[in-house]
Amino acid sequence: MTRSISVLGATGSIGASTLDLIRREKSKWRVVALTANGNAAELAKLAREFGAEIAVVADEAALPDLREALSGTAIEAAAGPAALIEAAGRGAEITVAAIVGCAGLAPTMAAIEQGGVIALANKEALVSAGDVMTAAVARHGATLLPVDSEHNAIFQCLQGNDIAHVCAITLTASGGPFRDWSLDQLHKATPAEAVKHPNWSMGAKISVDSATMMNKGLEFIEAFHLFPVGVERLRIIVHPQSIVHSMVEYRDGSTLAQLGPSDMRVPIASALAYPARMDTPCAPLDLAAIGQLTFRAPDETRFPATRLARDAVMAGGAAPAVLNAANEIAVAAFLESQIAFTRIVQSVEDVLSRGLAPAPTCLEDVIAIDAEARVRARELMEPVRS
């Protein structure tokens, strides 16, 4: 039997890993839609290879190049936000939501409204619109499967167990490339240093988020929405080896952990094949060669992002959306060498301190909160840039 699939964010790291798995078992998949931000050449190449029904670029200026690259095929070419939403809503059995940032929110919601399986890799969408999105999942009968390695690990550890018996859920964090740096070193950190993650191969934005530990803060908020155990039972621990991807502790004293290599194809395969399993090219763990697994508490003095995220989820309402939007602006400014590394999280806290809009009740509210937070973030950074 073949399954239909759409990959939103096909040219990114998650999209590439997903398509690598599909490529190995092409006869089992029918590709409906592939999307990208603006890389028309790569998107067209993938659309031709996988015989996609439609290819969409978010950047409308890239549409002529996409059309030219797809000439002579039956593949539709489209561009712009409305086209992304239309493609996401074509009713594929499984949609991999891997568009980076809040830009992926509307397409992900369109896929949810079709009631299929959503393999969610866009943590910012759930962070910004957690209550709105989970309500939509319930309303449309969709299935949300987490692709983040940590949340997928938790999902696997919960299978066959009653969530009411959970005492604690622990998200593991590598600590990023700067986990042993002093505050003075952190202040001088460069974009080139920040994107060099010691364990994972990821895009620039998520790599910087890992370096600030904001990535773990966003995952904390995401876990709050995915696994209803309450803030007090969600924890973070630094695990430099990135072998244990997360843990679930139960009332009888048992702690279940999911272990695996630092390869996103493992959690992606778990979501694609659920509730079954599929082959991956990933080498099995050699624990003897690894030698040891170490853990330590996070340092929220040097890395206050996790504290900020925990405060945001406890505040609720618009706070998580504001945190996410302000962080995207601050990370972009850092990558352009406009602000210092330590200014990233401080900028987010400054925006949050300016007051919050009412809690969002629909997608339009979330988008408005996101837009306002971005304006505030840019205004607060202007004196720093000048």
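Is Ser337 buried or exposed? Ser337 is exposed, at 56% relative accessible area. The structure is a predicted model.

## Ser337 and its loop

Ser337 sits in the loop between α16 (319-335) and α17 (343-352). Its phi is positive, about 60 degrees, although Ser337 is not a glycine. Ser337 counts as exposed because its 56% relative accessible area is over the 50% cut-off.

## Met213, another positive phi

Met213 also has a positive phi, near 75 degrees, and is a residue other than glycine. Met213 is placed in the loop between α11 (204-212) and α12 (214-226).

Met213 is buried, with 5% relative accessibility. The cut-off for buried is under 20%.

Strand β6 covers residues 117-120. Val117 and Ala119 point one way from this strand. Ile118 and Leu120 point the other way. All of these residues are buried.

Which strands pair with β6? One is β5 (residues 94-97), which runs parallel to β6 and is joined to it by four bridges. Val96 stands opposite Ala119 in this pairing. Another is β7 (residues 143-146), also parallel to β6 and also joined by four bridges. Here Ile118 stands opposite Leu144 of β7.

Helix α5 (residues 105-112) belongs to a right-handed β-α-β unit with β5 and β6.

## A cis peptide bond

The peptide bond from Tyr274 to Pro275 is cis. Its omega is near 5 degrees. Pro275 lies in the loop between α13 (265-273) and α14 (287-290).

Methods. Residues numbered from 1 in each chain as written. Predicted model: local features only at pLDDT ≥ 70, side-chain atom pairs only at ≥ 80, totals over all residues. Heavy atoms only, no water. Buried < 20%, exposed > 50% of the residue type's maximum accessible area, 1.4 Å probe, protein only. Helix = DSSP H or I, 4+ residues; strand = E, 2+ residues; numbered from the N terminus. Pairing = 2+ DSSP bridges. Right-handed = clockwise from strand over helix to strand, strands pointing away.
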